[in-house]
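This briefing covers the overall make-up of a protein model, the confidence in it, and one selected residue. Please read it alongside the sequence and coordinates.

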Amino acid sequence: MIKETLRFDERVVVITGAGGGFGRAHAFLFASRGATLVLNDNAIISNNNGQPKYLVDDVVNEITKAGFHAIANYEPIENGDKIIEAAMNAFGRIDILINNAGVTCNKPFNEMSDKDWEYVQSVNLHGAYKVTKAVWPIMQRQRYGRIINIVSAAGLYGSYGQANYSSAKMALHGFTLSLAREGYRYNIYCNCVSPYVALNYDASIKDKSVQVVKPEFLSPLLVFLTHENTRENGSHFEAGAGYIGKLRWERSQGSVFKSGETFTPGAVAAKWNEINDFNQSDYPTSALDNDWFRLLEKSVAMPSNNESIGELSFKGRVVIVTGAGGGLGRAYAKHFAKLGASVVVNDLGVLLRGRGANTQVADSVVEEIKSMGGIAVPSYDSVEEGEKIVETAIKNFGRVDVIINNAGILRDRSFARMTDTDWMMTYKVHLKGCYKVTKAAWPYMVKQKYGRIINITSAAGLFGNFGQSNYAAAKAGVIGLTNTLALEGKEHNITVNSIAPNAGTRMTATIMPQEMVELLKPEYTAPLISFLTHESCTATGGIYEVGSCWIARIRWQRSGGASFAINKLLYPESIATRWRDIINFEDGRDTYPTTIEESTAQMQVNLKNVDNSAENEEEKQVAKQEQKQEGNEENNISKIDTEALKKIVFNKEKFSYSERDVILYSLGVGITKKELSYVYENSPDFKVLPTFSTVPALDYFSKMNLSNILPIFTPETFIQTKHFMELKKIFEPKDVVVSKGKIVDIIKTKLGAVLVTAISTYDQDDNVICYNEFHHLLRHVDHYDNCPEKALESKMNNTVVIPKRKPDAIVKERTSEDQAILYRLSGEKNPLHVDPAMASIAGYNSPVLQNLCVLAISTLHVIQTFCYSDVASVKSIQADFVSHVFPGETLQTNMWQEGTKILFTVKALERDIVVISNAAIQLQGQAIAGLAMPDPEKSWLTVEGFKASKIFEKLKATLEATSGPERRLKTKQINAVFQFDVRNDKRESQTWYIDYKNGQGDIGIGKPTHSKPDLIIAARDEVIIDLASRKITGQKAYMQSKIKLKGNHALAMKLDSILAVTKPIIAKL
């Protein structure tokens, strides 16, 4: 039986919709773990006597009879403030909120009424908002909170007859991810879960593919996610029938187009396959996860677009564009008119925040269209009166073929400051308005067997965004609506797609600098819109991102996840043990579901997952292995002749390696495609990690045939305790090297006899590349008292003393569960790293990660933190291996700078055990210059009141510590002069310059002295600090209006490397 280790004693949990189904199951599990419950549900049923009673009372009675704590609350979910008030009055705090309440009203879209729509929205979306809004300030004050929003597969993929429910549930996705961004600083973690369970209100859904499963398979996931030790935040999971998987967005590489007259819908059609090709993809988490400048530069450099498909005409088609008075809508309206369509230009003419009205806004666009020979009429109606907008189209043109639901407003506020008005106004325009216009046009499209609809969503809806929880919810809801309408529209030749544009408009101008707004022209997004709405295009249900003359498609990717036996109780602890499987997208088991049927396929497979094994069988096997191990230890006692071993002469051995071997090694130590310079041979700075030196050394070590020399030598009895390496030169990407080794000595330690071997590796000209020294504990070896305590020829006799102060830098990295297997392919073939039986003989519960792999990972942390990723900066490395690491554990490298050395330790966080101690890396070359600190007696660049002046002092100290040839090389590579105009909190201004164009470079105060600046950067004092410490990139700072640029904007891409100062150094300034 699994022990109940995840406890919720003294935690208060609020669960809405707790009268039955899910909520009931959640309540019982939380109660059994010690939580105090507030169970909300206003559903009423009849008791045995026919008298009405609240459904939730039965749940509370069962829980209290079992000796647990729970109270009932009967408020409607829309009264979220009263629910939270009752909880606070009863218990004085709230730690966890499960927004579980939900209703459906399932009807085909053609039959759905406004009442049906609002009923579902009020409970599923607005109810969740109201309860969360009420609990938010409480959790902020507590500095603690966990929130789960229950979403649905209907929102993720669409569900016939559930346009209202799909949109409301998907809206919770954007809402949750925005809250996760805002709540993180207050230790408030928010996640959403899409379950598959047997619920009464599913009975009327047309799609019967969902397998009926027990809600009890979902509750353990919620318990795990809301426990105080769980750090998952801003994530979305699917669960049901014993299966749990994680979702994330995957984006195709897409295609870039040449701006100008040839960027047409026909050009988009010509590259449609490329746009939808996911062979090269990324996984964005915000709108800033794209290099918009690079895309624009690529567009400018391109030749004309492919015009082979020719013009795609809209002659005879009627197009409605909402919010067409400016920005994107205006661009769309003019674009369609140019293609021959008759356009209804709809705009209420309100201000950005939704106030006022002005008919001239729509009229001006109509006049523009008419002046260019097009056909257009204005519509001044609100999108909340969508029927009037459609009536304008029918009255003037007799039909409606295309709808572009583009109208929008912004009411941006942090969630704590958001008002109900902010929430409802944003919802009414973006989501309800989208519904109302589409609902009014739907009967006409069904009747004419033709329709094309584009719903404008946003990156905020996809990824969430700070201060935009209302906007993110509404825009995510648009995606849910799109998904269902795409399903219902298929049989009527109606296509529906979502577009997330990145363009400069009056809305985005509030959060982006004007220069960027001008570069990201709305016109660059229009060709995708017109292609998707052309009669030749049948694509439907897609999500596309567009901007900077670039178009890509976005889809769901789901991890392979974890499956649990359906005939046994599922415990939160069982989920914890499989968590890395659940969130692992890199093991080749990922899927790309697009429908409920595809999504539930894994769950249906798991219905056959039955576990008939006895509960204690594993314990019996462990006992047998322990007895076997004890017997081996009693029998394997041996003696060795140390002096004879030291006299053995070993032959030289050649070792050939290629770029493939270098890449395989990098992958084995956890490097991903994010570090292309280590894993891509065509990268301009393709490089080899210094710890790769152990690869030829290990190959040589395996050829020393120690099993013929030592009386008892087997892999499981041979454990490395220390390592030292010295680098004389960096390794080439491919080469043939020669190694020669020797036995240095056998020494006695507290652990036992330790074999010290040394292996030197040379290039073909007999120049030393590196030296590796291995210290291995010889288990089961007796009679070594005559051995020395130190090997005199060893290079590891220097003692490393770790400082008692806090680390100067800390890096955490989770290893992969398959990492030992992958690293093993680089030469360390000891079977205890892959074979459970061999690991058991050696005394481990499971195979362990190679010590040298752990050392390589921590070395990379030092290189990234102190050496600007320069592999040539490492002169030597030494480390003591004091404990093992299991693949999948999280490593924490603590680092201290002492002179030109970086001292470090490594800890396995899950077990809180130090695994590497007394470790040090001796730096050399440019890294030492990077450690140079300003001379306090020569503070020429320091200006009182400006923290940024310390950065320029540091950069100057680094430059002066750099050799002349290296300085000349840097000016040749950068070839630019930068001027920084900095303003502090007192509104004082000061200027510095960095000249990497003239002579050997220079850094000074005031304006540049040798030539005019190529780029002027204006920023606040603290922003310069953030740029230097890489808390923010130059691109993100620019897009967030934290810096202003004047001059050659392309040079902004070099700011990150220009200002780079390591975080530990900044801490000392």
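The protein has 36 helices and 38 strands, taken as DSSP runs numbered from the N terminus (helices H or I, at least four residues; strands E, at least two). This is a predicted model, in which local features need pLDDT of at least 70, side-chain atom pairs count only at pLDDT 80 or more, and totals for chains, interfaces and linings use all residues. Residues are numbered from 1 along each chain as its sequence is written, and side-chain values use heavy atoms, with hydrogens and water left out.

**Burial, surface and contacts**
- Of the 1069 residues in the protein, 57% are buried (under 20% relative accessible area, with exposed over 50% and partly exposed in between; 1.4 Å probe, protein chains only).
- Among contacts (heavy atoms within 4.5 Å) with a separation of 6 or more, 75% join residues 24 or more positions apart.

**Confidence**
- Mean pLDDT (the predictor's confidence in each residue, from 0 to 100) is 86, and 88% of residues reach 70 or more.
- Residues 197-212 have pLDDT below 50, and this stretch has 30 contacts in the model beyond near neighbours in sequence.
- Residues 504-518 stay under 50 in pLDDT, with 36 contacts beyond four places in sequence.

**Glu-311**
- Glu-311 sits in the loop between α10 (292-301) and β13 (318-321).
- Glu-311 counts as exposed because its relative accessibility is 66%.
- Its C-alpha atom is 7.6 Å from that of Pro-265, which is 46 residues apart from Glu-311 along the chain.
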